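Some structural labels rest on simple cut-offs.

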Amino acid sequence: METKIFTADTVKDAAALLKAGELVAFPTETVYGLGADATNESAVRKVYAAKGRPSDNPLIVTVADVATVERFATITPAARKLMDRFWPGSLTIILPIKPGALSPVVTGGLQTAAFRNPANALTRELIAESGNPIVGPSANLSGKPSPTTAAHVMHDMKGRIAGILDDGPAKVGVESTIIDMSTDTPTILRPGAVDEEMLEPVVGTVASDKHKVGAGETPKAPGMKYKHYAPDAQVVIVDHEVDFPAAIAWATASGHDFGVLATDPVLKGLDDTLTTYSLGKDLQAATANLFAGLRYFDLHPTVKVVLAEGFVAEGLGAAYMNRLEKSAGGEHFSPKAAQ
Ligand code: TXA
Ligand code: MG
């Protein structure tokens, strides 16, 4: 299958493919998604196949307005407040669904579904033009970092999907915050750009699902149990800028090729013969560039270790560190242990 690129001028052609039951990747402000008509079961099945995604991992339903959500789910007053305040934007809301309103292929058989209204004009046009909501998992192969450019999507999905709607690099860079509004206390299942401090003034106390899932347990967001964001090299988190020289000495002594993934303030102090990838100037830029950086080192197969800059896990830093921790499998550089 040829994977065609679409742009602002050809949104209608991309929508025609969705209507015909084909897969089209779409831009959002967070990461690129893999679209299929959410009301077409056989189209939705193709999404799992293209990604290599386990079938018990439910898909987000991507909409361009609140009225579409009402076709499928009951919107509680608190959920409506969130939609009024944060949509379109980087907040995915889990709601109880109307019986039989969505295929179990979309929901993984759950009685709830995740709804998202992304802040991207081309995608909103694509959904409106196609006439139905679209499922929207991230458009990466299962286990790989989410794509933040059309080129990333092409790398993973070439020949597997009919098209990609290209709208340049994603601005936020990590996936949306997921909040479960189907329970008594609103609960954050995945941290993103919309953080606890922004949510609490709107819906009161918000809980965070930090529970680590053991074997045989079902996590609240099924996708969180799988290995994620994993580049080919071992990622090691360096929590403090001052520890980079020691971390580099340790990596050099290991004899392996290594790379450094850090912001400009860290990189400017380092030897310029090192293999580096700039995360930009600050936390916001680092969040937007993190997945591109992890993918960059996959293009350098000799690099076996990536020393990656850590941030304090607060606000947007919580979203950044959540992804980085997963890509590192929890490995942090310890200056003491390296001595
Ligand atoms: O920013 C985003 O949310 C991106 C863009 C493309 O919109 N999409 C995205 O989708 O990250 P995905 O499928 O990669 O991640 C969605 C997560 C998965 O961990 C899935 O298990 C969880 O949402 N999820 C979906 N439906 C759920 C439900 N009813 N209850 C709990 N978790 C759910
Ligand atoms: Mg994903």
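The questions and answers below set values against definitions.

Q: How do you know how far to trust and how to read the numbering here?
A: This is a predicted model, where local features need pLDDT of at least 70, side-chain atom pairs count only at pLDDT 80 or more, and totals for chains, interfaces and linings use all residues. Residues are numbered from 1 along each chain as its sequence is written, while chains are lettered from A and ligands numbered from 1 in the order in which they are written.

Q: What makes S1 and S11 edge strands?
A: Strands (E, at least two residues) and helices (H or I, at least four) are DSSP runs, numbered from the N terminus. Two strands pair if DSSP finds at least two bridges between them. S1 (4-6) and S11 (207-208) each pair on one side only. The open sheet has 11 strands with mixed pairing, in the order S1-S8-S2-S3-S7-S4-S6-S5-S9-S10-S11.

Q: How do you know that S4 and S7 pair?
A: Strand S4 (residues 60-62) and strand S7 (residues 134-135) share two bridges, in the antiparallel sense. The cut-off is at least two bridges, so they count as paired. Thr62 stands opposite Ile134 in S7.

Q: Why are H1 and H6 called oblique?
A: Helix H1 (residues 11-19) and helix H6 (residues 121-130) pack at about 50°, with axes 9 Å apart. Axes are lines fitted to C-alpha atoms, for helices over the stretch in contact, and angles run from 0 to 180 degrees between N-to-C directions. Angles under 35 degrees are roughly parallel, over 145 roughly antiparallel, 65 to 115 roughly perpendicular, and the rest oblique. The pair is therefore oblique.

Q: What makes residues of H1 and H6 meet?
A: Contact requires C-beta atoms, placed from the backbone, to lie within 7 Å. Among the residues of H1 that meet H6 are Val11 and Leu18. On the H6 side, they include Leu122 and Glu125.

Q: Why is H11 called roughly parallel to H12?
A: Helix H11 (residues 283-298) and helix H12 (residues 316-328) pack at about 20°, their axes 9 Å apart. That angle makes H11 roughly parallel to H12. Leu283 and Leu290 are among the H11 residues in this contact, and Leu316 and Tyr320 are among those in H12.

Q: Which residues does the cis peptide bond join, and where does Pro88 lie?
A: The bond joins Trp87 and Pro88, with omega about -10°. Pro88 lies in the loop between H4 and S5. Most peptide bonds are trans.

Note on methods:
Contact = placed C-beta atoms within 7 Å.
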